[in-house]
Every structure is written in C-alpha cells, then in structure tokens.
Amino acid sequence: MSGTLTYGSYLRIPELLSLQRCRSVDPETGAPEHDETLFIVVHQVYELWFKQVLHELDALCAHLDADAPSRGAHQLKRVLKILKTLVAQIDVLETMTPLEFASFRPFLANASGFQSAQFREIEILLGQFEASHLEHLDSDADTLRRLERRLGAPTLWDAFVRFLARKGFAIPASVLERDVTAPQAPSPQVQDTLLEIYRSEPALLEICELLTDFDEGFMEWRYRHVMMVQRTIGTKEGTGGSDGATYLRTTIMRPAFPDLWAIRASF
C-alpha cells in the first residue's frame, strides 16, 4: 500500500540522505573532494544533537518552573550522554588531516560554525552568549527572532535559583531580578545556600551535581573543539572571519554555573 508507513518514510531517509551536497571539485577527477562528505555529515549530526539538547534543556527548565526538579534530573542525565557523543564525534573529525581539510576548505567561503544559530541558543540558555554576536549570524528573520526571544527569557540557572527561592531558600533579590541578558555573576549568598543544600538536601544535591557534570562536559567539548581546530588549521583565520582557534580558546574554562564551582573549596 502506498500509504503504509515505513522506516524510510517515517524518518524521511531519502530526504535526509539528499542533504549532503558537496561544493568542492577535485581538479583531477572533477568529483567532490573525498573528505568534504565527512565534514558535512559530522556537522549536520551536530545540529541534530543541538536540537535535542535544546529540547531536553527546555524540558528541564519547565520541570524547574513546575517545582519538579527530580523529573528534570532525567533530562540532565540524557544531555550528559549526548555531550559524550559530541566529544566522540571530534575523534571522527580528527581522522581528517590538515591537508585533507585544505583540499575543500576554500569552497566553504564564509560559512563557519560560528554562525550556528542552535549552538548560540544553547549559549543563551546557559547565560554565556554575547548579544553583539547577533550581528555576525547570517540567519533568516525567523531564526533571529527565535534568538532574540531566548535572550529575553530566563536562563537555566535563573530557573534553578528561582525554584530554590520558591522552596524557601535564601536567594537575594539581586539574583532573582537580574537582567537575564547580562552574564551570570557569582553570588556569595547563593553559594551559602548551595552549601546548605549539600549538607542537608540530598535530592537537591543530586541536581547540583548533575548541573556541575553538565557544565564540565560542555567545557570539555569546547576544549576538544578548540584543539581539533588548532590541529586542523593551526593559527589560520576562521572561515567566517573569526580568529579561529585564538577566538575559541577564549571560550574554554568559562563555567556556566560559577557558584557551583566556587563552593568546592568550602567543604
């Protein structure tokens, strides 16, 4: 029956496999450069995982807003597994030598991972996005509106501390009413509350540790990404006009939840 649902029609496999369209041309054979297919596949898969990460983190925020953090723990555990997969994909990319990447890099023109709107959404949700980067994104109007909506919404950490405040924990008004578009600054008062949670609230302690795991995993992915870029293009400028590995190094070792790291020396 023509209307029967199949594996291929449900997952839209024909359409999916038609999306790997190389731009390069081997001067000897006239065919695309061999490694461009790998480059496209890995980055398309990244975008699919970014979509899932946003899906899970949005669900986590909704659970926190509904005062159900234990349900959100499931989302965090899943995202941690996804981060491990994202790091493992770098291992695959690193099978491509600098010479192999150089064979098709000129065909990328100004296209750059710096322009990934979904990755910028993740940064916004973690309170790590600089609004000035919006002007560098070559995105359509709908995508820009989506990013702007996220910029005006509370971050994941905002959702967590607001949940703590509703549960009666001491969270200062300056934290609860902060400008959500500004970077998240450490708060000694929040750190005191976190220490109280670690000492007397085992269920919430698990959430704190999962958030720390997530923060560490995200920084690990950033580090591996920086080293992969440096290994592949060295000190060259990025295709989107960024400083390449030099710029990316400024993004590592920058935690999204600094209060969770600050308390480590207090036990």
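Trainee: What should I know before reading numbers off it?
Mentor: The model is predicted, so local features need pLDDT of at least 70 and side-chain atom pairs count only at pLDDT 80 or more, while totals for chains, interfaces and linings use all residues. Residues are numbered from 1 along each chain as its sequence is written, and side-chain values use heavy atoms, with hydrogens and water left out.

Trainee: How many helices and strands does the protein chain have?
Mentor: There are 13 helices and 0 strands. Both are DSSP runs numbered from the N terminus: helices are H or I with at least four residues, strands E with at least two.

Trainee: And the box around the C-alpha atoms?
Mentor: Roughly 70 × 55 × 35 Å, along the principal axes.

Trainee: How do α3 and α4 cross?
Mentor: The axes of α3 and α4 (residues 69-93) come within 9 Å and cross at roughly 165°. Axes are lines fitted to C-alpha atoms, for helices over the stretch in contact, and angles run from 0 to 180 degrees between N-to-C directions. α3 and α4 are therefore roughly antiparallel; angles under 35 degrees count as roughly parallel, over 145 as roughly antiparallel, 65 to 115 as roughly perpendicular and the rest as oblique.

Trainee: Which classes of residue make up that contact?
Mentor: The contact of α3 with α4 has 20 nonpolar, 7 polar and 3 charged residues. Ala, Val, Leu, Ile, Met, Phe, Trp, Tyr, Cys and Pro count as nonpolar, Asp, Glu, Lys and Arg as charged, and the others, Gly among them, as polar.

Trainee: What about α3 and α6?
Mentor: The axes of α3 (residues 36-65) and α6 (residues 117-125) come within 9 Å and cross at roughly 25°, so the two helices are roughly parallel.

Trainee: New topic. How far does α11 reach?
Mentor: Helix α11 (residues 202-233) has 32 residues and reaches 46 Å from its first C-alpha to its last, close to the 46 Å expected at 1.5 Å a residue. The expected span is 1.5 Å times one less than the number of residues. Just after α11, glycine 234 takes a positive phi of about 60°.

Trainee: Where do tryptophan 157 and phenylalanine 160 lie?
Mentor: Both are in helix α8 (residues 156-166), 3 residues apart, about one turn of the helix.
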